[in-house]
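This briefing goes through one protein model by topic. Please look over the chain and the fold before reading on.

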Amino acid sequence: MKDHLIIFDTTLRDGEQSPGASMTKEEKVRIAKQLEKMRVDVIEAGFPAASDGDFESVQAVAKVIKDSTVCGLARAVEHDIVKAGQAIAPANSGRIHTFIATSPIHMEMKLRMTPDQVVERAVWAVKRARDFTDNVEFSPEDAGRSELDFLCRVIEAAIDAGATTINIPDTVGYNVPDQFGYLFKQLLERIPNADKAIFSAHCHNDLGLAVANSIAAVTNGARQVECTINGLGERAGNTALEELVMAVRTRQDYFSVDTRIHTPEILTASRLVSNITGFSVQPNKAIVGANAFAHESGIHQDGVLKHRETYEIMRAEDVGWSTNKMVLGKHSGRNAFKTRLQELGVEFETEQQLNDTFVRFKELADRKHEIYDEDLQALVTEANIER
Ligand code: KIV
Ligand code: ZN
């Protein structure tokens, strides 16, 4: 029996913090409904104290979403916690996520607080959040650059104060997988009341390691991962939900956990977020990029036509594509060429005709990046005229 890995989606909060990715209330509600359809466990809908608009967005999401927990972010201050509590009040299941920084540089240069004051404030914030809901998440911000002993101290105190989820943010994307995984191992071993809370990973992608770091956290005991659709988020973004979920689903032989995500809804979610934010998805993006299930080289096409698993580790259909794709270009071989023509209803009378047309196709492919069905039709028509 696998452990349940909780998927906490923060597209509407950390994702929205991506410069230029602001969303209206209506847009947030549309995305939240798609996340619910995808069976995301927790939707972080925004930062209610940030603006009246964000307060209203979180409240609107809390009103319409029934099957996912709706979460609001709050700094460890009275105003933020009250706003978050009010915004999530209509939810079937609501959570407050409160945070305070614990790294030396953040405490000294940003908060101008001593470590003792930070612990005291964290405890106060968790208790205050518990006045609104018994589902409280606490994050020691910049945990990835915090001192281990201090991290253990503040987390133990937050759990005693009533935090039910402890989220470990690598706020600036500084960690590498072995180190981040080891951090979870240490925290779970050293904090005496660690079994009273779910430990969560929240990674940023500054070094391109957000998914790898999240996976290292999971293999070392994390049971919640925070992520965003298309990896949207501050600076280089957050852990990409689609990548994390499909890594876990595809490698069930390796993981002792699984998520509840209904993966055929992934592509719709990706396109919705891309259309709403105007952030396009790069073609070679794993899972949701246009080329993620496309084959151009002749050797690969031939293999896939014989058996899909020769070059495919998951099925395009399982993440929402209608099928995989054979792209005809200069690397393509005769098998893919012939198969596509057959699909277009073209049969050659002789092998020689096929060979001649294939030669012309290669000449054309040298001049053009991608050969479309219309190009193939034109090649066949030309060949018929000359015969
Ligand atoms: O990256 C971060 O530290 C955050 C916190 C608010 C959890 O987004
Ligand atoms: Zn973050």
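Which residues does F293 touch, not counting residues up to four places away in sequence? F293 touches E312, A316, W321, N324 and K325, where two residues are in contact if their C-beta atoms, placed from the backbone, lie within 7 Å.

The model is predicted: local features need pLDDT of at least 70, side-chain atom pairs count only at pLDDT 80 or more, and totals for chains, interfaces and linings use all residues. Residues are numbered from 1 along each chain as its sequence is written, and chains are lettered from A and ligands numbered from 1 in the order in which they are written.

**Overall**

- The protein has 15 helices and 12 strands; helices (H or I, at least four residues) and strands (E, at least two) are DSSP runs, numbered from the N terminus.
- Taken along the principal axes, the C-alpha atoms fill a box of roughly 85 × 40 × 40 Å.
- Of the 387 residues, 45% are buried; a residue is buried if 20 or more other C-beta atoms lie within 10 Å of its own, exposed if 12 or fewer, and partly exposed in between, with C-beta atoms placed from the backbone.
- Among contacts between residues at least 6 apart in sequence, 72% join residues at least 24 apart.

**The barrel**

- Eight strands close into a barrel with parallel pairing, in the order β2-β3-β4-β5-β6-β7-β8-β9; strands pair if DSSP finds at least two bridges between them.
- On average, neighbouring strands of this sheet are turned by 25° against each other, direction ignored.
- Strand β2 (residues 6-9) points I6 and F8 one way and I7 and D9 the other way, and all are buried.
- β3 in turn pairs with β4 in the parallel sense over four bridges, and I43 has V70 of β4 as its bridge partner.
- Strand β4 (residues 69-75) is mostly covered, with six of its seven residues buried.

**Helices against the barrel and each other**

- Helix α4 (residues 78-88) lies across β4 and β5 (94-101) and runs at about 165° to β4.
- Helix α10 (residues 241-250) has eight of its 10 residues buried, so it is largely enclosed by the rest of the structure.
- The buried residues of α10 are L241, E242, E243, L244, V245, M246, A247 and V248, and they pack against β2, α9 (210-219), β9, β10 (257-258) and α11.
- Helix α2 (residues 25-37) packs with helix α11 (residues 266-277) at an angle of about 170°, and their axes are 10 Å apart; axes are lines fitted to C-alpha atoms, for helices over the stretch in contact, and angles run from 0 to 180 degrees between N-to-C directions.
- α2 and α11 are therefore roughly antiparallel to each other, a term for angles over 145 degrees.
- This contact is made by E27, R30, I31, Q34 and L35 of α2 together with T268, A269, L272, V273 and I276 of α11.
- By class, the contact of α2 with α11 has six nonpolar, two polar and two charged residues; Ala, Val, Leu, Ile, Met, Phe, Trp, Tyr, Cys and Pro count as nonpolar, Asp, Glu, Lys and Arg as charged, and the others, Gly among them, as polar.

**Ligand 1**

- Around ligand 1 are D14, F99, S139, E141, N167, P169, T171, H202 and H204; a residue is near a molecule if its C-beta atom, placed from the backbone, lies within 6 Å of it.
- The elements that give two or more residues to this shell are β6 (136-141) and β7 (165-170).
- The shell divides into two nonpolar, five polar and two charged residues.

**The loop between α11 and β11**

- F293 is found in the loop between α11 and β11 (294-295).
- F293 is buried, with 20 other C-beta atoms within 10 Å.
- From F293 to A316 there are 23 residues in sequence and 6.2 Å in space, C-alpha to C-alpha.
- K285 has its place in the loop between α11 and β11, and K285 is partly exposed, with 18 other C-beta atoms within 10 Å.
- The C-alpha atoms of K285 and H295 are separated by 14 Å, the two residues being 10 apart along the chain.

Conventions
Angles under 35 degrees count as roughly parallel, over 145 as roughly antiparallel, 65 to 115 as roughly perpendicular and the rest as oblique.
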